[in-house]
Structure formats: C-alpha cells, structure tokens
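This briefing sets out selected features of one protein model and its ligand. Please consult the sequence and the structure shown below alongside the text.

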Amino acid sequence: MSKKITKTTLPLYIGGKACLAISGKSFRNENPATGRKLTDVEQAGRRDIEKAVVAARKGFQTWSQLTGMERGQVLKRAAALIRERRMELAKNEVRDSGKPIAEAPEADIDSGADALEYFGGLAADVKGEHLDLGPEAFAYTRREPLGICGAIGAWNYPFQIACWKAAPALAAGNSMIFKPSEMTPTNAVKLAEILTEAGLPNGVYNVVHGMGETGHLLASHPDVDKVTFTGSVPTGRKVLKDAAATIKHVTMELGGKSPLIIFDDSDLKNAVSGAMNANFFTQGEVCSNGTRVYVHEDIHDDFIAALKERTEAMVVGDPMNPKTDMGSLITPDHLDKVLEYVRLGIEEGAHLVTGGEKLTVKGFEKGNFMSPAIFTACQDDMRICREEIFGPVMSVMTFKDEDEVVNRANDTEFGLSAGVFTQDLTRAHRVVAKLRAGSIWINNYNLTPAGVPFGGYKQSGIGRENAAMALEHFTQVKSVYVELGDVECSY
Ligand code: NDP
C-alpha cells in the first residue's frame with residue numbers, strides 16, 4: 001500500500017500543497033515536555049529540494065509581477081488569519097518547543113502577525129530613486145527582488161522566525177523555501193497553509209523539513225539566490241561557506257552572550273524585572289539574552305536579594321498551564337549541556353545563589369525541566385561568562401565605574417544585544433554609543449517590535465531583520481542611465 005498523508009503526518013509544503021517527501025524518509029517530532037510523539041515529519045532529500053526550487057522559481061515568476069499593493073494585501077490577509085487562529089498556533093508552538101503558553105500567544109504568534117502586517121503595509125513602497133544628471137540625462141534605480149530565498153530557522157522561536165523571514169522577502173517579491181528546525185517544524189507548515197488561504201500564489205512559500213543535511217542542500221543550491229539563516233555561530237559559518245560557493249546574498253542571525261549593565265541609580269524593581277526577562281524568558285533559550293549581568297557594586301547585595309526572591313517564586317512545569325513561568329528545555333541533551341555549564345560555573349569558582357537543578361515535574365517525567373540559576377562572584381574569563389549557554393543561567397558580576405564596565409561588556413566575539421539600566425539619561429546614551437551590539441535596550445530588555453531593526457554586530461550576524469531596512473536585504477538595486485541628448489564619441 002502506498003504511503004498517505006494522515007493526521008499524524010507533518011508533510012512538506014511545495015507548490016501550494018502538502019506533499020510526502022520523495023526521499024521516502026521521515027523523522028519523529030516530539031513534545032519536549034512529555035517526550036510523546038507529535039507527528040512523523042516528512043524529510044526532504046535532494047530530489048525534494050529540486051522540486052521545491054522548481055516550484056519556487058515558478059512562484060517567483062508570478063509573484064514578482066504583481067504590484068506591491070497586491071502583494072501587501074495577501075500578507076495582511078495572512079496576518080488577519082493568524083490573529084484569528086492565535087491560540088491554536090500558540091498551542092502548536094508550546095507543544096513543539098516546550099515554552100509556556102503564558103508567553104507564546106504574544107511573543108511568538110502576535111510577533112509573527114505583526115511582521116506580516118508591517119511588511120504588508122510597506123510592500124507598495126518598495127521603490128527606486130530618480131537621479132538628476134543635468135538637462136540631457138538622468139538615471140533611475142529599480143529595487144528588484146532577488147529571486148528564491150532559502151531560509152533556515154532555529155527551534156526557539158519557530159513561528160516568529162518563519163514570519164520575520166517570509167514577511168520582508170515576500171513583500172519585496174521574492175519566493176521562499178523555508179527549512180524549520182527539525183525539532184519545531186509544525187507552525188512553518190501552518191504558516192504555508194495560511195498564506196495559501198490568504199491568496200499567495202502556489203510555490204511562493206515552500207516548506208522543506210530535515211536536519212543539517214537538508215539545510216546544507218538548500219544553502220548550497222546554485223539556483224537559490226539568497227540564504228537567510230537563524231541559528232548558532234558554528235552552523236552559521238557552515239552556511240556562509242555553502243552560500244559562498246555561488247556568491248549568494250546572506251542574512252545571518254546568530255548567537256550572543258550579551259551584557260546587561262545595571263548602574264547604581266537604577267530603579268531596582270525594574271532592573272530585576274529586566275534581568276529576569278533577559279535570562280529566563282523561554283527557558284533562557286533566547287539569542288539576545290543578557291546573560292552577563294554587570295551590577296554596580298553599591299547595589300549588588302540589594303539587587304541579588306530581590307532577584308533571588310522573585311526567581312525562587314517562578315513556577316516551572318506544565319507548559320500548557322497558564323500559571324507556568326518556565327517550561328521544558330528543548331531536548332534531554334540540551335538540558336544536560338546547560339546543567340554541565342552549571343557544574344562548570346561552580347568548578348570555576350562562581351557562587352550558585354539559587355537554582356541550576358534538574359527538576360522532575362509530576363505527569364511530565366520525561367520533560368527537560370530545571371530551576372532558573374543565578375551565579376554571583378563571576379569573573380569575565382569564566383567559561384560561563386564567555387560561552388552561549390542558551391538556558392536559564394544568569395551570571396552576575398560587579399563593577400565600579402562606567403569606562404571599566406563598557407570595556408568589559410565589549411570584550412566578547414559576540415555583539416547581538418545589550419541592556420543599560422540607569423536613571424541618568426546622559427549616561428544611558430553615552431554608554432549605548434560605546435557598546436558594540438546591534439540591539440540595545442535602555443531600562444528594559446528583549447523587546448523586538450516589527451518596526452525596529454534587529455541583528456548582530458561582530459560574530460552575531462550579518463544584515464538586519466525587521467524594519468524597512470530588512471527590505472534592502474531582500475532586494476537588489478538596478479541602476480539605469482537614460483540619455484536624452486546625442487551620444488558623444490571621439491571616433
Ligand atoms: P543551530 O545552528 O544548531 O541550527 C539552526 C538551523 O540550522 C536548524 O534548522 C538546523 O537544523 C540547521 N542546520 C544545522 N546544520 C546545518 C548545516 N550544516 N547547513 C544548514 N543548516 C544546518 O541552532 P539551534 O537551532 O540550536 O538554535 C540555537 C541558536 O540559534 C543559538 O545560538 C541562538 O543564539 C541562535 N538564534 C539566533 C537568533 C537571532 O535572531 N540572532 C534567534 C534565535 C536563535 P536542525 O534543527 O535539524 O539541526
């Protein structure tokens with residue numbers, strides 16, 4: 001009997017419809033909080049990627065010929081459908097990623113809808129320039145789409161990542177082949193269905209599932225014009241190498257080890273809230289997290305006392321329970337890696353104030369739970385202060401003065417984000433100007449509205465997502481010289 005798509009199959013989505021993989025392979029997707037199987041995911045091989053590229057090229061030919069206004073209307077209709085299905089999509093996200101339902105509707109689903117709405121609004125405004133060259137000539141530029149964009153996503157914000165990539169790419173007239181993380185593949189397909197329902201022509205947004213090899217096939221395909229990648233620095237290097245072979249355009253949204261600086265005049269309650277948001281949201285699995293927390297020595301003890309009390313009151317457990325603050329980490333291996341960093345922190349001489357323990361949650365014995373950890377007495381050269389842990393582990397250090405803390409904050413190969421808490425406006429802006437990071441928050445942390453560019457300095461990335469400037473990364477400029485006079489020729 002030939003294989004069919006059933007309720008427990010998560011299909012590929014190519015050319016406007018769900019399909020089985022030609023490869024004949026599939027893999028298991030499970031709920032990290034329960035260990036139970038969610039779906040059998042169709043795994044794209046070389047021939048599936050070929051099929052997706054052919055579909056995306058065809059889709060591009062139709063889509064790029066529409067007006068920006070028409071493209072924008074489709075994206076805005078998709079945003080409206082997402083808002084209607086907000087809770088259903090949020091629950092998918094919770095089941096796939098283990099994050100709490102208290103976060104997902106707003107941080108994941110609304111954020112995705114915002115991106116489609118925002119770029120839907122901008123689609124009609126993708127334009128070139130007129131350049132006056134005197135009475136007998138002028139030039140103009142056309143801002144044209146790139147073609148097929150290969151997109152590869154991480155597992156921590158699967159729906160948001162898919163939308164943040166698709167919205168500007170599609171607004172500009174490109175088509176896309178998206179590979180979600182193998183661990184969180186569900187909502188990329190849901191987004192494809194919604195886009196089709198909203199009127200997107202077939203082949204404009206395709207989904208291929210798989211592991212690193214599928215990503216490699218996509219990033220190295222000669223007919224893919226751009227690669228937009230969200231993931232770790234080591235994988236980013238491999239993807240860049242693949243893209244280099246055919247000189248593709250690239251956007252890289254990579255990891256971080258961001259500093260959060262808390263001056264002695266800060267509002268203490270807000271600073272503690274900021275530090276908790278910067279470390280414990282989504283189990284600490286957030287690229288922009290401010291995991292190196294520099295607290296002025298004069299307020300250190302008060303800060304730690306308040307932080308400890310509020311951290312110990314956090315509820316860890318069933319991600320579907322609205323009262324849960326922190327859910328399950330993504331896999332047992334990842335939990336082990338994070339716990340190993342806790343062990344290492346103690347070995348390196350940091351003081352574990354609270355947390356850092358594996359937790360067993362009744363009814364969720366196969367989940368990957370741990371208590372949020374706070375280290376004090378940290379030193380800049382400790383591995384827990386230099387390497388991205390990607391879990392709920394905060395490292396607190398003290399500082400005395402501004403220049404010293406700025407130098408220490410900048411002493412990292414990463415540069416994704418940073419935060420500054422102070423009541424002194426002048427100091428806030430002075431410090432921000434010196435910090436080498438792509439996104440900086442003053443008196444808050446980890447807010448990423450659709451209209452504000454997001455991306456990294458140094459090894460944290462290339463290019464920006466969100467904001468009008470993301471359109472620049474999904475278009476290319478054609479310059480056209482127009483002669484109105486005679487051709488000068490000395491021959
Ligand atoms: P990885 O780098 O492990 O994986 C990212 C994606 O790349 C996944 O889809 C993965 O597939 C795929 N992949 C793996 N190997 C290859 C390859 N050789 N070629 C092409 N694709 C490949 O990151 P994680 O998924 O573990 O995500 C965590 C990382 O992402 C952290 O470093 C975090 O900081 C970063 N991140 C950055 C963000 C930003 O905007 N700057 C936002 C969110 C996360 P598979 O899942 O099957 O392995």
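The points that follow treat the nonpolar cores and then the surroundings of the ligand.

The model is predicted. Its largest nonpolar core comprises 58 residues, and a second, separate core holds 30 residues. Around the ligand there are 29 residues.

**Nonpolar cores**

- Within the largest core, the residues with the most contacts are Ile82, Leu170, Met176, Leu191 and Tyr205.
- Several helices each supply at least two residues of this core, namely H2 (68-84), H3 (86-97), H4 (104-122), H5 (158-171) and H6 (186-197); strands E8 (148-152), E9 (175-179) and E10 (205-207) do likewise.
- Helix H5 gives the most to this core, with ten residues.
- Beyond its neighbours within four places in sequence, Leu170 is in contact with Trp63, Arg71, Leu75, Met176, Leu195, Leu200, Val204 and Tyr205.
- The second core includes Ile384, Cys385, Val405 and Leu435.

**Ligand surroundings**

- Of the residues around the ligand, Gly153, Glu182, Ser232, Thr235 and Glu388 come nearest.
- The shell divides into twelve nonpolar, twelve polar and five charged residues.
- Helix H7 (212-219), strand E11 (226-230) and helix H8 (233-245) each supply at least two residues of this shell.

**Polar contacts and cover**

- A backbone N or O atom of Gly153 lies 2.7 Å from an oxygen atom of the ligand.
- On its own the ligand has 900 Å² of accessible area, of which the protein covers 87%.

Conventions: Residues numbered from 1 in each chain as written. Predicted model: local features only at pLDDT ≥ 70, side-chain atom pairs only at ≥ 80, totals over all residues. Heavy atoms only, no water. Core = buried A, V, L, I, M, F, W, Y, C linked by side-chain atoms within 4.5 Å. Buried < 20%, exposed > 50% of the residue type's maximum accessible area, 1.4 Å probe, protein only. Helix = DSSP H or I, 4+ residues; strand = E, 2+ residues; numbered from the N terminus. Contact = heavy atoms within 4.5 Å. Near = heavy atom within 4 Å. Polar contact = N/O pair within 3.5 Å; in protein donor to acceptor, adjacent residues only side chain to side chain. Areas by Shrake-Rupley, 256 points an atom, 1.4 Å probe, with all protein chains shown as cover. Nonpolar A, V, L, I, M, F, W, Y, C, P; charged D, E, K, R; others polar.
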